[in-house]
Amino acid sequence: RALAAAFTLVTVAGAQSLLAPAAIPLDTLAGFKAPGPNWQLAGGLGDDPRTQKFLTPLAGTGILVNNPTAVARGHLFTADELGDSEVDLDFLLTPGSNSGVYLMGRYEVQLFDSWGAPAPTFADCGGIYQRWDVSRGKGKEGYAGIAPRANASRAPGLWQHLHIEFQAPRFDAAGRKTANARFLKVVLNDFVAQENMEVTGPTRAAAFTDEAPLGPLMIQGDHGPVAIRALAIKKFDPTAPRVQVEDLAYKLYSIDSKSTESHAPAAPKSQGKPAAFAAEAVEQNGKFTLVFTGALIIPREGTYSFTVMGYESVGLVIDDQPAIQPIDHGGQSVALPLTAGRHAFRLNYIHGSNGKPRFALFVEGPGLARQMLTAAPAANEPKNNAEKPRKILIEPTADRVRMQRSFVPFDPKKRLYAINVGTPAGLHYAYDFETGAILRVWRGGFLDTFELWDGRAENQLALPTGPALTLNDKPVLALLETYHHDWPDQPDQMWSSQGYQLEPDGQPTFRFKLSTLSATDRIAPTPAIHGLTRTLVVTGKTTSWESWVLLAEADHITPQTGGHSYVIGDRSYYLDLPADSAVQPILRTRNGRQQLMVPLNGATLGKPIVYSLVW
C-alpha cells in the first residue's frame, strides 16, 4: 500500500495495458437492447454542433447519435452485462446538453456541457452523480455525489474521451452485499477526474434500484443530444486466479561511475532471497543495478501485458522474451502470449539517481484486471520517516501572471528552452523559445514542480496540474524556398529568441528574430471565450524566400461557415479569427497533414495577426 501511494504522479499512459478492449461494433445496433428511435447510426456530424442544440447525423456508420424528443427519449443498454470492467468511449455534446454513462445501469458518471464552469460539482462532466432518497426530507433528498478533481471538459462540438475503471459490488453466497461498488479511476480527456471512489448504491435516475453482480452499460438518452463513438469494454472476472511469484532471488551490482556498463560482469556485491519483491527489501546504497529472478505462475493461457511505474530504467524478460523494454524513465511494455503454468523471469532495475529507489510492477491478462506484483514491506519503512509529498504546487496570484522556466515534456523529446505561463484566469500554456510554438494549453491548476525543485531535480520537469491539450512544436515563423516546400521541424539557424517584456501584472510579450524579420508574440486569456488569444506582429524585410506564419497543423482542418473559424484535427479544438479580421489564412496539405498558414506580405507585414484557441 505504501508503495502504490508513492506513484501517484506517474501519468496514466505510463500504466496503461497493451491489451485492447473489445470494441462494440457501431455498424449496426445489434450490440444493444431494443434501442429507441432517438438513437441512430451516423458516419459523421453535419451543421455546427458547437452552436446548435441538435446533432445532424450524416450517412454512414461508426457513430451513435441521440436526439431526444418529447416522445422518443429512451436510454441505450448494451446487450452484454458487465461486472468488473474498463470502459472507453468518445462523446460529443451540444451546448447545454446532459447525458451520463451508467455502469451496470446503476452508477452514473455524468456527461454534461460543463465547459467553462470554474468550480465543478458532482453534476458536472466527470462527476459521480448523487444518490436520491425522498425519505431524507425536502431539500435533503440528494446525497453522496462526488465532484471531479477539476473541470476537464472541452467546448461543445468537440470530441472528448472517457475512460472508466470500475469494480462491481461484491456479494456472498446468500446474495448479501459484502462490498460496495467502486470507481477505481475515471479519466476525462487524459485527466484523472476520480480515483478509488466508493458508491454505496445506485445513483439518481438509475435503471435499477437494486444491486447485483452484473448489469448492462447504460447511456442516458432522455436529457439532451449526445454522440458516442469508439465504444470498447474490457470485462474482468473477480474470481480469476492471480499471477503468483515464486522462487524469488536477487543479485545487487554496484554501478561504476566511470563505466558505461549497467553492472560489472564480476561477482555481485550481494545476493540472496529477499523477503518481498521490492527494491526496499534489499539492503543497498548509492547507485546500483538490482536483478530479480524467479518464476511467474500464470493461471490461464492468453496474452499478458506487464507494465512498470517508476522513474528509473526497468527491463523484464520472461522465458527469454522481452516483456518490458528498458527506457530512461521506466520501461516500454511488450504484449506477450503465455501458456498456463510456470515461466522463468528476470527483472533488471537500474538505480542511477540520488533519489529513493522504488518501482512497481503490474500485470494484466485474459479476464484478469491489473494486478500489482511487487510489494513494499512495511518493516523496512521507519515509522518516524513519513514519505515526502510527491508534489510541489505553484499557482499564479489573483492579480499577477506567474512564469516558470523548466524543461517541458513533449513527445518525442522534452523541450529544453521553454517556459510555463500561468494566469489568474486559470488558463495556462507552455511556450518554446526555440520555435515560438505553444506546446500545450491547460485549465485549472498551474504547475507541479516536484521534479524541478526536489533534491537535485535531475529531470528538471514542471508538469501541468490541470487538464491539458497538447498542440505542436513546429516553428511559428518560417522561411520557405517556395510554397510547395515542407514546413521545418526544427528551428532555423537564423532564429534567435530575444526574451520577453513584462506588463505591470506580469503578462509577457515574447520577442524573437528570424533572419531579417522581428516578431512580438503576446498570448493572453480571453475570459469571454474561455480561451487564449494570440497577437503576433512581424516586422522587417522579407527575403528572397517566402515568409509564413503557421497557425495550426493537424490531420484535418475544417473551415467553418463565415470564414473566421476552423475546427482543428478530429474536432480537437477551435481556432477563431476576430470577426473583423483582415487576415486570410491559406490551408494547404503536405505529407498527409494540413497546415493553416498566413503569408507575410504587404497586407500582413507589420500588422497584428490575431487568433484565439478554444478547447
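By class, 10 nonpolar, 2 polar and 2 charged residues line the largest cavity; nonpolar here covers Ala, Val, Leu, Ile, Met, Phe, Trp, Tyr, Cys and Pro, charged covers Asp, Glu, Lys and Arg, and the others, Gly among them, are polar. Before you start selecting, note that this is a predicted model, in which local features need pLDDT of at least 70 and side-chain atom pairs count only at pLDDT 80 or more, while totals for chains, interfaces and linings use all residues. Residues are numbered from 1 along each chain as its sequence is written, and side-chain values use heavy atoms, with hydrogens and water left out.

**Stop 1: the cavities**

Select Ile438, Asn472, Arg534, Leu551 and Tyr611: of the 14 lining residues, these lie nearest the centre of the largest cavity. A cavity is a set of points, on a 1 Å grid over the protein atoms alone, where a 1.4 Å probe fits but cannot get out, and lining residues have an atom within 4 Å of a point. The volume of this one is about 140 Å³, counted as the space filled by probe spheres set on the points, with grid points joined across faces, edges and corners.

Now colour strands E41 (546-554) and E47 (609-614), each of which supplies at least two residues of that lining. E41 gives the largest share, 3 residues. Strands here are DSSP runs (E, at least two residues), numbered from the N terminus.

The structure holds 2 cavities of 30 Å³ or more.

**Stop 2: a hairpin and an open sheet**

Go to E45 (residues 586-590) and E46 (residues 593-599), which pair in the antiparallel sense over 5 bridges; strands pair if DSSP finds at least two bridges between them. Arg588 has Gln595 in E46 as its bridge partner. In the hairpin, 2 residues lie between the strands, and Asn591 takes a positive phi near 55 degrees.

Next, show the open antiparallel sheet of 3 strands, in the order E28-E33-E34. Its edge strands, E28 (393-394) and E34 (463-464), each pair on one side only. E28 meets E33 (residues 447-448) over 2 bridges, with Asp448 in E33 as the bridge partner of Leu393.

**Stop 3: the rings**

There are 16 aromatic pairs to explore. Rings of Phe, Tyr and Trp (its six-membered ring) pair if their centres lie within 6.5 Å; planes under 30 degrees apart count as stacked, over 60 as edge-to-face and the rest as tilted.

Then pick Tyr500 and Phe510, an edge-to-face pair at 5.9 Å centre to centre and 75 degrees between the planes. Tyr500 lies in E37 (residues 495-502) and Phe510 in E38 (residues 508-514), so the pair ties together parts that are 10 residues apart in sequence. Tyr500 is partly exposed at 37%, whereas Phe510 is buried at 1%.

Finally, select Phe277, Phe288, Phe292, Phe345, Tyr349 and Phe359, which form one aromatic cluster.

Definitions and conventions:
Helices (H or I, at least four residues) and strands (E, at least two) are DSSP runs, numbered from the N terminus. On a 1 Å grid over the protein atoms alone, a cavity is a set of points where a 1.4 Å probe fits but cannot get out, and a pocket is an open set with protein on both sides within 12 Å along at least five of seven lines; lining residues have an atom within 4 Å of a point. Buried means under 20% relative accessible area, exposed over 50%, partly exposed in between (1.4 Å probe, protein chains only).
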